[in-house]
Amino acid sequence: MHLRVRVIRARNLVKADRNSSDPFAKVTCEGHSHSTDVVPTTLNPCWNEILEFKLSKKEQIVSIQIFDHDTFSANDPLGHVQVTTNDLEEGVEKVLLLNLEGVASGDIEFGLTFLSK
């Protein structure tokens, strides 16, 4: 079994640097994490990246965290969301647009697809 996570974009992120942020998304499922590329100097990154996870069971919690990439210090959090995979249909992408938690503004759009093979 696999879970395909398509990280599409984020909008209206908070500024972590002087005028902008250098955001990337970190997706975690079943103890494994994958990250998107960093998009420099934007508050509205478009990734459209596909990340895949091998699953031991269909019912999982998917956590997506957005960070501002910093080269010489710790990455700054720009918000997070959590969803479950319980209601996914085999081979059908479910696209979600959710407000980021833990920050004043921002949302993330992503798709989830459950694959039994």
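Q: How many helices and strands are there in the chain of this predicted model?
A: The chain has 0 helices and 8 strands. Read from the N terminus, the elements run β-β-β-β-β-β-β-β. A DSSP run of at least two E residues counts as a strand.

Q: What makes the radius of gyration agree with a compact globule?
A: The chain has 117 residues, and a compact globule of that length would have a radius of gyration near 13 Å. The chain has 14 Å, which agrees. Along the principal axes, the C-alpha atoms fill a box of roughly 45 × 25 × 20 Å.

Q: What share of the residues counts as buried?
A: Of the 117 residues, 42% are buried. The cut-off is under 20% relative accessible area. The chain exposes about 6,400 Å², and carbon and sulfur atoms supply 48% of that.

Q: What share of the contacts comes from residues 24 or more positions apart?
A: Such residues account for 59% of the contacts with a separation of 6 or more.

Q: Why is the pair of Phe24 and Phe67 called stacked?
A: A search of the whole structure finds 1 aromatic pair. The ring centres of Phe24 and Phe67 are 5.6 Å apart, and the pairing limit is 6.5 Å. Their planes stand at 25°, and planes under 30 degrees apart count as stacked, so the pair is stacked.

Q: Which parts of the chain does this pair link?
A: Phe24 belongs to strand β2 (residues 23-29) and Phe67 to strand β5 (residues 61-68). The two are 43 residues apart, so the pair links distant parts of the chain. Both Phe24 and Phe67 are buried.

Q: How do you know that the charged end of Lys58 sits over a ring?
A: The charged end of Lys58 lies 5.1 Å from the centre of the Phe114 ring. The distance cut-off is 6 Å, with a further limit of 35 degrees from the ring normal. Lys58 is found to sit over the ring of Phe114.

Q: What makes β1 and β4 a strand pair?
A: Strand β1 (residues 2-11) and β4 share 7 bridges, in the antiparallel sense. At least two bridges are needed, so the two strands pair. Val5 stands opposite Leu51 in β4.

Q: Which residues of β4 form the covered face, and which the uncovered one?
A: In strand β4 (residues 46-54), Trp47, Glu49, Leu51 and Phe53 make up the covered face. Cys46, Asn48, Ile50, Glu52 and Lys54 make up the uncovered one.

Q: Why is Arg6 called partly exposed?
A: Arg6 has 23% relative accessibility. Buried needs under 20% and exposed needs over 50%, so Arg6 counts as partly exposed. Arg6 lies in strand β1. Arg6 touches several residues, including Asn48, Glu49 and Ile50, and also Glu93 and Phe110. The C-alpha atoms of Arg6 and Thr71 are separated by 26 Å.

Q: What is the phi of Asn12, and where is Asn12 found?
A: Phi of Asn12 is near 55°, a positive value in a residue other than glycine. Most residues other than glycine have a negative phi. Asn12 is found in the loop between β1 and β2. With a relative accessible area of 47%, Asn12 is partly exposed.

Q: Why does Thr41 count as exposed?
A: Thr41 has 60% relative accessibility, and the cut-off is over 50%, so Thr41 counts as exposed. Its place is in the loop between β3 (32-35) and β4. Thr41 has a positive phi of about 50° although it is not a glycine.

Methods: Residues numbered from 1 in each chain as written. Predicted model: local features only at pLDDT ≥ 70, side-chain atom pairs only at ≥ 80, totals over all residues. Heavy atoms only, no water. Phe/Tyr/Trp six-rings, centres within 6.5 Å; stacked < 30°, edge-to-face > 60°. Helix = DSSP H or I, 4+ residues; strand = E, 2+ residues; numbered from the N terminus. Buried < 20%, exposed > 50% of the residue type's maximum accessible area, 1.4 Å probe, protein only. Rg over C-alpha atoms; globule rule 2.2 N^0.38 Å. Contact = heavy atoms within 4.5 Å. Areas by Shrake-Rupley, 256 points an atom, 1.4 Å probe, with all protein chains shown as cover. Lists of a residue's contacts leave out its neighbours within four places in sequence.
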